[in-house]
Amino acid sequence: MIRHLVLFKLNDGVQRDEPRVVAGVEAFRALGTQIPELKFWECDWNITDRPIAYDFAINSAVADRDALQRYLDHPAHQAGVGMWREFSTWVIADYEIEG
């Protein structure tokens, strides 16, 4: 199994309650039921107020590298990424886990 982690940082001046951000969150929350390759899916806002913290996180898992690529290429994932690209930056980590 592969764990896929993504941490998002809203761009300066962007607020969580902006309609485009709300729509981006809704798009990502829906991915767990839209993409069959996802074996585990959760995402939500950071709840701490620390300067080094990112704003939004995705924690997911897929079976293998091929499944990860199918997830990344999936139209619903690409649509969500396109939305978030407009108001945030992010970092990722993909690593193998016991499945």
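I looked up which residues of α3 are buried in this predicted model. I found Ala76, His77, Gly80, Val81 and Trp84. I then checked how they are placed around the helix axis: they cover an arc of only 135°, which puts them on the same side of α3. I noted a general point here: an α-helix has 3.6 residues a turn, so residues three or four places apart point the same way.

Next I looked at the face of α3 turned away from the buried side. I found the exposed residues Pro75 and Arg85 there.

What do the buried residues of α3 pack against? I listed β1, β2, β3 and β4, along with the helices α1 and α2 (65–73).

I turned to the sheet. I read it as an open sheet of four strands in the order β2-β3-β1-β4, with antiparallel pairing. Its edge strands are β2 (38–45) and β4 (88–96), and each of these pairs on one side only. Direction ignored, I noted that neighbouring strands of this sheet are turned by 10° against each other on average.

I followed one pairing in detail. β2 pairs with β3 (residues 56–62) in the antiparallel sense, over seven bridges. I saw that Trp41 stands opposite Ser60 in β3.

Last, I checked how the helices lie on the strands. Helix α1 (residues 19–34) lies across β1 (2–10), β2 and β3, and runs at about 155° to β2. Helix α3 (residues 75–85) packs on the sheet and touches β1, β2, β3 and β4. I noted that the direction of α3 makes about 140° with that of β4.

Terms used
Residues numbered from 1 in each chain as written. Predicted model: local features only at pLDDT ≥ 70, side-chain atom pairs only at ≥ 80, totals over all residues. Heavy atoms only, no water. Pairing = 2+ DSSP bridges. Helix = DSSP H or I, 4+ residues; strand = E, 2+ residues; numbered from the N terminus. Axes fitted to C-alpha atoms, helices over the stretch in contact; angles between N-to-C directions. Contact = heavy atoms within 4.5 Å. Buried < 20%, exposed > 50% of the residue type's maximum accessible area, 1.4 Å probe, protein only. Arc of directions from axis to C-beta.
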